[in-house]
Amino acid sequence: MASNLDRRQFLGQSAVTGAAVGIAMSGASTLAASSPSNKVVVGVMGLSRGRALTSTFAKLKGVEVKYACDVDKNRAGQGAESLGKVGARKPEAITDFRRILDDSDVDVLICAAPNHWHAPATILGCSAGKHVYCEKPCSHNPWEGETMVAAARKHNRAVQMGSQRRSAPGTVAAIKALHSGAIGRPYLARSWYTSLRGPIGTGKPIAVPDRLNYDMWQGPAPRMPYLDNRVHYNWHWIWHWGNGELGNNGVHTLDLCRWGMQVDYPTRVTSSGGRYRFDDDQQTPDTHAVCYEFEGEKQITWEGLSCNRHSSGFVTFYGENGSMELDSGGTFRIYDLRDKLVKEEKSGTNGEAEHVANFIAAIRNDKPLALNAEIEKGHKSTLLCHLGNIAHRTGDTLNCDPKNGHIAGNAEAMKLWKRDYEPGWEPKI
Ligand SMILES: NC(=O)c1ccc[n+]([C@@H]2O[C@H](COP(=O)([O-])OP(=O)(O)OC[C@H]3O[C@@H](n4cnc5c(N)ncnc54)[C@H](O)[C@@H]3O)[C@@H](O)[C@H]2O)c1
């Protein structure tokens with residue numbers, strides 16, 4: 001659906017063979033002026049979560065999935081097969097996502113690769129004139145989030161973070177009620193995540209399996225030896241690639257807390273917890289409590305428990321006149337100050353179909369900012385995860401600038417604001 005102008009400009013300045021981060025397309029500054037009936041062509045990178053997510057795209061009228069990309073060629077093949085059964089066409093199975101960037105027919109890059117890829121791929125996608133649906137957390141570190149916002153603005157692209165509850169009808173109704181004063185002024189939001197994860201053991205160096213291009217799996221991250229217990233999925237628990245449970249699942253509820261409380265950046269962040277359960281290669285906390293304070297006497301907390309499913313809830317807002325419980329499917333209950341139930345609205349969808357539809361509509365209507373989880377919102381919520389993890393890793397209480405979330409007076413903590421990159425892969429806009 002990209003306009004011919006967009007396509008020509010992009011083709012003139014990009015090639016798979018070019019340096020990955022050298023792609024820059026200042027010309028793609030306007031969205032295609034297109035009618036709502038226009039076809040939208042999609043390519044996806046990362047085919048575990050990406051497979052289910054992209055099937056939601058494939059089911060939409062006028063959306064075609066042209067490429068199914070995974071650096072694990074088994075996953076690429078299986079993903080293409082299964083997406084072919086859902087959508088209008090069978091996508092081509094590929095292993096290098098730069099094919100998607102270089103194809104002028106493609107309008108959208110979906111990034112569901114591991115976290116260390118999210119910002120670099122999104123920024124390359126924007127530079128190549130693509131709109132990007134990027135999974136949560138949108139970045140691996142705070143600097144990347146700020147750079148993604150700048151890239152989306154520079155190239156005027158629609159960039160949506162995969163925090164799908166922003167589009168769930170029940171959740172939207174709950175937040176609307178909250179903002180209309182259903183519990184008076186909310187001053188505290190508490191949130192939780194529990195799971196039952198096992199140990200990952202101690203990794204042993206082995207040969208990289210033939211099916212996997214480990215070099216492209218690592219991409220922007222400085223090179224590490226291949227161990228037998230990192231790929232797939234367990235990278236979440238290693239700081240080099242992942243952001244722990246806070247970035248993995250905390251981001252969903254912190255995003256809802258931030259939205260409900262109408263706050264952007266905190267003034268103070270504290271963290272406690274650690275690895276209490278298994279003595280193995282995992283580095284990120286399995287038991288974690290973080291607390292964020294904001295201007296206007298407001299606070300958000302998150303507790304994560306990776307190895308015990310007993311749950312205290314999903315999100316609860318506390319206000320001057322009552323409280324509101326919200327669950328992951330958008331059902332909400334309002335209580336008075338004596339804890340008597342005064343209202344219940346049931347719902348049962350997490351909003352994925354609506355979130356994808358919102359993204360496609362923003363592209364078709366040429367309104368890149370009309371996104372329910374536009375990248376600036378995604379960055380602010382993801383930043384809360386990064387700050388909680390930085391507080392944890394330094395052992396310090398962080399004082400932050402409420403204008404932008406930057407950490408004040410702590411050079412050690414600011415070292416974690418950005419990562420080192422594999423030479424040639426540092427994002428540039
Ligand atoms: N929104 C949601 O509810 C939701 C749910 C699950 C996962 N996620 C997010 O999706 C992302 C992926 O999670 P996962 O559980 O699928 O992880 P995973 O490790 O199981 O799968 C990631 C896949 O990406 C592939 N990959 C890595 N580098 C690639 C590259 N350069 N090009 C193409 N493919 C590449 C891997 O080979 C792997 O198949 C994470 O960031 C996670 O937070 C979001």
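Good morning. The structure before us is a predicted model, and in it the phi of Glu297 is near 55 degrees, a positive value in a residue other than glycine. As background, most residues other than glycine have a negative phi. Is Glu297 buried or exposed? Glu297 counts as exposed, because 9 C-beta neighbours lie inside 10 Å, and the limit for an exposed residue is 12 or fewer.

A second residue belongs beside it in this account. Asp339 lies in the loop between strand 13 and strand 14. Although Asp339 is not a glycine, it has a positive phi of about 75 degrees. Asp339 is exposed as well, with 8 other C-beta atoms within 10 Å.

Nine strands form an open sheet, and their order is 14-13-12-11-7-10-9-8-15, with mixed pairing. Which strands lie at the edges? The edge strands are strand 14 (341-345) and strand 15 (398-399), each of which pairs on one side only. Strand 14 is joined to strand 13 (residues 332-336) by four bridges, and the two run antiparallel. Within that pairing, Phe332 stands opposite Glu345 in strand 14.

Let me now step back to the whole chain. The protein chain has twelve helices and 15 strands. Its radius of gyration is 21 Å, close to the 22 Å that the globule rule gives for 429 residues, so the chain is as compact as a globular protein of that length. The C-alpha trace spans about 65 × 50 × 40 Å along its principal axes. Of the 429 residues, 50% count as buried.

Strand 1 (residues 40-45) and strand 2 pair in the parallel sense, over six bridges. In this pairing the bridge partner of Gly43 is Tyr67, in strand 2. Together with helix 2 (residues 49-58), strand 1 and strand 2 make a right-handed β-α-β unit.

Strand 2 also takes part in a further pairing. With strand 3 (residues 92-94), strand 2 pairs in the parallel sense over three bridges. Here Ala68 has Ala93, in strand 3, as its bridge partner. Strand 2, helix 3 (residues 73-86) and strand 3 make another right-handed β-α-β unit.

Why is strand 2 described as largely enclosed by the rest of the structure? The reason is that six of the seven residues of strand 2 (residues 63-69) are buried.

Gln78 is placed in helix 3, and Gln78 counts as partly exposed because it has 16 C-beta neighbours inside 10 Å. The C-alpha atoms of Gln78 and Thr382 are separated by 31 Å, and these residues are 304 residues apart along the chain.

We come now to the ligand. How many residues surround the ligand? The number is 26, and the closest are Gly46, Ser48, Arg49, Glu135 and His232.

My last topic is the peptide bonds. In general, most peptide bonds are trans. In this model, a cis peptide bond joins Lys136 and Pro137, with an omega of about -15 degrees. Pro137 has its place in the loop between strand 5 (131-134) and helix 6 (142-155).

A cis peptide bond also joins Val231 and His232, and its omega is about 5 degrees. His232 is placed in the loop between helix 8 and helix 9 (244-261).

Thank you for your attention.

Key
Residues are numbered from 1 along each chain as its sequence is written. This is a predicted model: local features need pLDDT of at least 70, side-chain atom pairs count only at pLDDT 80 or more; totals for chains, interfaces and linings use all residues. A residue is buried if 20 or more other C-beta atoms lie within 10 Å of its own, exposed if 12 or fewer, and partly exposed in between; C-beta atoms are placed from the backbone. Two strands pair if DSSP finds at least two bridges between them. A crossover is right-handed if, with the strands pointing away from the viewer, the path from the first strand over the helix to the second runs clockwise. A residue is near a molecule or strand if its C-beta atom, placed from the backbone, lies within 6 Å of it. The radius of gyration is taken over C-alpha atoms; the globule rule is 2.2 Å times the number of residues to the power 0.38.
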